[in-house]
Amino acid sequence: MIFIPFIIFFALLFGYFFYKHYSQKLARNLALKKLSEKKPAWKEFLRDETKLFSRLSQQEQERLLDSILIFYSEKKWSTELSENECLKTSYYACLPIFKRKTNYYPNIKEINSMWSFQEWLSQNEKQFEIDFGKMALKELRGNFSYYSELFFESPNKLQTDHPAVYDKLLKFYQVEV
């Protein structure tokens with residue numbers, strides 16, 4: 001008789017976490033379905049407007065587009081931003097994380113202006129420190145965003161000039177560019 005409240009408590013706790021996990025998954029699947037008609041136009045826009053998107057494999061492009069669709073649907077966007085600005089901002093946000101298990105920058109709920117790629121890269125610095133440690137971050141001498149941008153924009157130069165940095169960023173971003 002004394003265990004009944006504990007059983008009820010743990011059942012409710014389990015139910016809550018089960019609901020939170022699957023409600024988010026369901027919402028993301030619905031967003032993908034709802035925005036799927038935008039995919040071809042967005043894909044074409046990204047091929048025209050960005051250098052890296054075309055260098056990704058077809059499978060990686062699709063995965064990145066799905067991440068962009070989810071990110072786009074989960075954030076509150078300023079009405080002053082055009083759809084293309086929102087798309088490019090979403091691309092910059094998702095490129096560093098599309099191969100990682102992520103919650104799409106949960107602390108950022110609203111986007112009122114277009115962020116640069118380097119600003120989004122800097123949002124990943126703390127996760128890099130968690131994954132590789134403070135020493136690995138110190139080796140970058142406060143230039144995490146710079147090296148990350150170089151990793152995506154000029155990977156051959158980074159690999160030649162700083163092979164150890166390139167290897168760490170390759171493991172972190174999981175994208176062969």
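The exercises below work through helices, a nonpolar core and aromatic rings in a predicted model.

Residues are numbered from 1 along each chain as its sequence is written, and side-chain values use heavy atoms, with hydrogens and water left out. Because the model is predicted, local features need pLDDT of at least 70 and side-chain atom pairs count only at pLDDT 80 or more, while totals for chains, interfaces and linings use all residues.

**Exercise 1.** Work out what span helix α5 should have, and which elements cover its buried residues.

Helices and strands are DSSP runs (H or I, at least four residues, for helices; E, at least two, for strands), numbered from the N terminus. The expected span of a helix is 1.5 Å times one less than its number of residues. Helix α5 (residues 83–94) has twelve residues and should therefore span 16 Å, which agrees with the 16 Å between its end C-alpha atoms. Next comes burial, where buried means under 20% relative accessible area, exposed over 50% and partly exposed in between (1.4 Å probe, protein chains only). Nine of the twelve residues of α5 are buried, so that the helix is mostly covered. Among these buried residues are Cys86, Leu87, Tyr91 and Cys94. Their cover includes α2 (39–49), α3 (52–55), α4, β1 (76–77), β2 (110–111) and α6 (117–122).

**Exercise 2.** Find which residues of the largest nonpolar core touch the most other members, and follow the contacts of Tyr91.

A nonpolar core is a set of buried Ala, Val, Leu, Ile, Met, Phe, Trp, Tyr and Cys residues joined through side-chain atoms within 4.5 Å. Of the 49 residues in the largest one, Leu64, Phe71, Tyr91 and Leu169 touch the most other members. Helix α4 gives the most to this core, with seven residues. Contact means heavy atoms within 4.5 Å, and, leaving aside neighbours within four places in sequence, Tyr91 is in contact with Leu46, Thr50, Leu52, Phe53, Leu64 and Ile68.

**Exercise 3.** Classify the ring pair of Phe151 and Tyr166, then that of Phe172 and Tyr173.

Rings of Phe, Tyr and Trp (its six-membered ring) pair if their centres lie within 6.5 Å; planes under 30 degrees apart count as stacked, over 60 as edge-to-face and the rest as tilted. The whole structure holds 21 aromatic pairs. Phe151 and Tyr166 lie 5.5 Å centre to centre with 45 degrees between the planes, a tilted pair. This pair links helix α9 (residues 144–153) to helix α11 (residues 163–173), 15 residues apart. Phe172 and Tyr173 have ring centres 4.8 Å apart and planes at 70 degrees, so their pair is edge-to-face.
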